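Work through these exercises with the model open beside you. Each task is followed by a stepwise solution.

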Amino acid sequence: MAAIYSLYIINKSGGLIFYKDCGTKGRMDTNDSLRVASLWHSMHAISQQLSPVNGCSGIDLLQADTFDLHCFQSLPGTKFFVVCEPETPHMESLLRYIYELYTDYVLKNPFYEIEMPIRCELFDINLSQAVQSDRVALLGR
Amino acid sequence: MQFFGGSEISPSPPVPTASGNNAHMMYVFNRNGVCLLYKEWNRPLHTLNPQQDHKLMFGLLFSLKSLTAKMDPINADKGNLGVPQLPGQGCSFHSFRTNTYKLSFMETPSGIKIILVTHPKTGDLRESLKYIYGLYVEYVVKNPIYTPGSPIKSEMFNTALDQYVRSIS
């Protein structure tokens, strides 16, 4: 219960720049994760078109039978979304924390090229720590 | 606001001011993508003309279902992205929420898709959608004059639906 299955980060143009899998069965290969990310980017945009009211900023939460998908879009347009078990609490705050980690360890890294795949060790380490402490806090394991 | 743009979809009955009314609009599609019913209670913004709007909605749902089937973390064997799935095959989503609306979705084994777009703070509408499907069976399917696959023009169905949707909090 209450586990995070995977995390994706998409750049402004819809390309996948980071994918972390924390224990799904049948882990996706690179091509599939790229396709899924682009598909999500498009769906996010189309959902804005179908809004009955002005000012829609895209899908925040998608609820399926076996998982929930929480999405956070930053001001420049980078999307962070996490696939987790249904009804997992505090995913929004986790996503905002991951965004903070992204600004600290990725954007402030002088060797990181914007919009390119993320290859920053410190980001990976801190991310694993955050996910792990989140899991411990929620589950005690 | 009503649509009369040469489409065959029955116009919804005149809507009084939307007080105590949570729902924005509703779509019913069959398995071939034909829009059997489109009802609008409160929709200030129309981005596209009706035909394009229906196609976009159907396309969005088709792609989202494909996406959720692929992203399913439980099933090890998933089809390829974009391969049409049978109704009920693969993990399917039941709702998504944005900051301005919440869309609840239900697909029956016969491929009838019921979509209800409501206020974002609405709760889980799965039971309501099942009830609406029950109404559809009673008033539409059991109507001997109705041809399956054609737009729904049943007054009794429209009235019952209106009444029910207004009562959903």
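**Exercise 1. Helix α1 of chain A**

How many residues does α1(A) have, and how far does α1(A) reach from its first C-alpha to its last?

Solution. Start with the conventions. This is a predicted model, in which local features need pLDDT of at least 70, side-chain atom pairs count only at pLDDT 80 or more, and totals for chains, interfaces and linings use all residues. Residues are numbered from 1 along each chain as its sequence is written, chains are lettered from A and ligands numbered from 1 in the order in which they are written, and side-chain values use heavy atoms, leaving out hydrogens and water.

Step 1. Helices (H or I, at least four residues) and strands (E, at least two) are DSSP runs, numbered from the N terminus. α1(A) has 20 residues.

Step 2. The expected span of a helix is 1.5 Å times one less than its number of residues.

Step 3. Buried means under 20% relative accessible area, exposed over 50%, and partly exposed in between (1.4 Å probe, protein chains only). The buried residues of α1(A) include A:Asp32, A:Val36, A:Trp40 and A:His44.

**Exercise 2. Salt bridges**

Solution. Step 1. A salt bridge is a side-chain nitrogen of Lys or Arg within 4 Å of a carboxyl oxygen of Asp or Glu. Over all chains, the count comes to 12.

Step 1. A:Lys12 pairs with A:Glu115, with the closest N and O atoms 3.6 Å apart. A:Lys12 sits in the loop between β1 (4-10) and β2 (16-21) of chain A, and A:Glu115 in the loop between α2 (91-107) and α3 (121-139) of chain A, so the pair ties together parts that are 103 residues apart in sequence. A:Lys12 is partly exposed at 47%. A:Glu115 is partly exposed at 22%.

Step 2. A:Asp32 pairs with B:Lys70, with the closest N and O atoms 3.0 Å apart. A:Asp32 lies in helix α1 (residues 30-49) of chain A and B:Lys70 in helix α1 (residues 50-71) of chain B, so this pair joins two chains. A:Asp32 is buried at 12%, and B:Lys70 is buried at 6%.

Step 3. B:Glu127 pairs with B:Lys130 at 3.5 Å between the closest N and O atoms. Both lie in helix α2 (residues 126-141) of chain B, 3 residues apart, about one turn of the helix. B:Glu127 is exposed at 56%, while B:Lys130 is partly exposed at 48%.

Step 4. Shared partners join A:Asp32, A:Arg35 and B:Lys70 into one salt-bridge network.

**Exercise 3. Aromatic rings**

Which residues form a stacked aromatic pair in chain B, and what is the angle between the planes?

Solution. Step 1. Rings of Phe, Tyr and Trp (its six-membered ring) pair if their centres lie within 6.5 Å; planes under 30 degrees apart count as stacked, over 60 as edge-to-face and the rest as tilted. The search finds 18 aromatic pairs over all chains.

Step 1. B:Tyr27 and B:Phe29 are stacked, at 5.9 Å centre to centre and 10 degrees between the planes. B:Tyr27 is buried at 0%. B:Phe29 is buried at 0%.

Step 2. In chain A, A:Tyr8, A:Tyr19, A:Trp40 and A:Phe81 form one aromatic cluster.

**Exercise 4. Nonpolar cores**

Which residues have the most contacts inside the largest nonpolar core?

Solution. Step 1. A nonpolar core is a set of buried Ala, Val, Leu, Ile, Met, Phe, Trp, Tyr and Cys residues joined through side-chain atoms within 4.5 Å. The largest one has 40 residues, and A:Trp40 and B:Leu103 have the most contacts inside it. α1(B) gives the largest share of this core, 7 residues.

Step 1. Contact means heavy atoms within 4.5 Å. Leaving out residues up to four places away in sequence, A:Trp40 touches residues including A:Ile10, A:Phe81, B:Leu64 and B:Leu67.

Step 2. A second, separate core of 24 residues includes B:Met26, B:Leu116, B:Leu129 and B:Val165.

**Exercise 5. Helix α3 of chain B**

Solution. Step 1. Helix α3 (residues 155-167) of chain B has 13 residues and should span 18 Å; its end C-alpha atoms are 19 Å apart, which agrees.

Step 1. Among the buried residues of α3(B) are B:Phe157, B:Leu161 and B:Val165. The buried residues of α3(B) pack against β1 (23-29), β2 (35-40) and α2 of chain B.
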